[in-house]
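Please look at the sequence and the fold first.

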Amino acid sequence: MYVVEAKSFGGPEVLVATEVPDPVAGPGQVVVDVAAADVMFLDVRLRGGWGRDFFPVEPPYVPGGAVAGVVSAVGEDVDPGWIGKRVATATAASGIGGGLPIGGYATKALAKAQTLVEIPDGLDDVRAAALVHDGRTSLMLAEQARIRPGEWVLITAAGGGLGTLLTQWATAAGASVIAAAHGEMKLALAQRLGAKVALDYEDPGWVDRVRETTDGAGVSVVLDGTGGPIGTAALSVVAPGGRFLGYGNAAGGFLENPAEYAAAHGITVRTLLEMTKDDLDWQALGRRALTEAGAGNLEVVVGQSFPLAEAAAAHTAIESRTAVGRTILTV
């Protein structure tokens, strides 16, 4: 089969198309004929050699943690009724402690039967692939944030895949969203999706604008997908008694040592690691996200897609911060 491998750790140029044997489904696994594969920021970081203590991949390997396509074969102990069904799923290589050599940048991918979600009518493969991780994660974050009508909610990295979904969930809950992102295209997108205010966080005065917007009171909730200095600045505008949920590191690092400031102001801080330790029904969250999108109640923003052979260009788009929403490879 045709795959794109990371031949070594390095820049996008290490992603090279090649042929490898077709995968064979083991116990509890299926083979998916891939129609669309998600390209994550995590893929980019791993390709550069980051995170090997948690994601023990070694080149050569095929990146990709999520795909959509049709089940073509099943392994032992898997219901053969899955064959021929259109599914969205994490790949068997996905997740902390993964490290299988074959991910989703391929014409065929392995997946665990327990992660399969059937794609509803009305939802295409590209948008389904984009929702595999972001759909369930955005719902989890929105629910744990306990967003209430009338609250001000600040969403950083609002132009990314998770940010665009969170803007819609928060708006649907009756909150007033302040979207923070960089670039006119992302800011305009956030407002189209329901944000009342959109701010460029490379503007030195953006934090002051948040305070002005909320009449000095600050926001009730921050959903932070950036971490680093932007996340620290976002924490500073949370109202006493508010909630700060940090789930990303797009700015180059997770928020560090927020406990002292948060405790002094009565702010509840939760990190992604803490939130994912909870007893969560990820399958139910994933099905709900796909169902809402298929019914037209949730817009899935795929800002750019590339043929599988152009995976390097997809990585370049993400690294250059020009990507909007999700980035998808098509087969």
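The text below covers the sheet, the nonpolar cores and the ring contacts of this predicted model.

**The sheet**

Six strands form an open sheet in the order S10-S9-S8-S11-S12-S13, and their pairing is parallel. At the edges lie strand S10 (197-200) and strand S13 (268-271), each of which pairs on one side only. On average, neighbouring strands of this sheet are turned by 15 degrees against each other, with direction ignored.

At the S13 end, strand S12 (residues 238-246) runs parallel to S13 and is joined to S13 by four bridges. Across from threonine 268 in S13 stands arginine 243. Helix H4 packs on the sheet, where it touches S9 and S10. The direction of H4 makes about 165 degrees with that of S10.

**The nonpolar cores**

The largest nonpolar core has 46 residues, and among these Leu131 and Leu223 touch the most other members. Several elements give two or more residues to this core: the helices are H2 (125-145), H3 (161-172), H4 (184-192) and H9 (282-294), and the strands are S4 (66-74), S8 (152-156), S9 (176-181) and S11 (219-224). Helix H2 supplies the largest share, 10 residues.

Which residues does leucine 131 contact, leaving aside its neighbours within four places in sequence? They are Leu123, Arg136, Leu165, Ala289, Leu290, Ala293, Leu298 and Val300.

There is also a second, separate core of 37 residues, which includes Val78, Tyr105, Ala311 and Ala323.

The structure holds one aromatic pair. The ring centres of tyrosine 201 and tryptophan 206 are 6.2 Å apart and the ring planes stand at 70 degrees; planes over 60 degrees apart count as edge-to-face, so this pair is edge-to-face. Both tyrosine 201 and tryptophan 206 are buried.

How values were computed: Residues are numbered from 1 along each chain as its sequence is written. This is a predicted model: local features need pLDDT of at least 70, side-chain atom pairs count only at pLDDT 80 or more; totals for chains, interfaces and linings use all residues. Side-chain values use heavy atoms; hydrogens and water are left out. A nonpolar core is a set of buried Ala, Val, Leu, Ile, Met, Phe, Trp, Tyr and Cys residues joined through side-chain atoms within 4.5 Å. Buried means under 20% relative accessible area, exposed over 50%, partly exposed in between (1.4 Å probe, protein chains only). Contact means heavy atoms within 4.5 Å. Rings of Phe, Tyr and Trp (its six-membered ring) pair if their centres lie within 6.5 Å; planes under 30 degrees apart count as stacked, over 60 as edge-to-face and the rest as tilted. Two strands pair if DSSP finds at least two bridges between them. Axes are lines fitted to C-alpha atoms, for helices over the stretch in contact, and angles run from 0 to 180 degrees between N-to-C directions.
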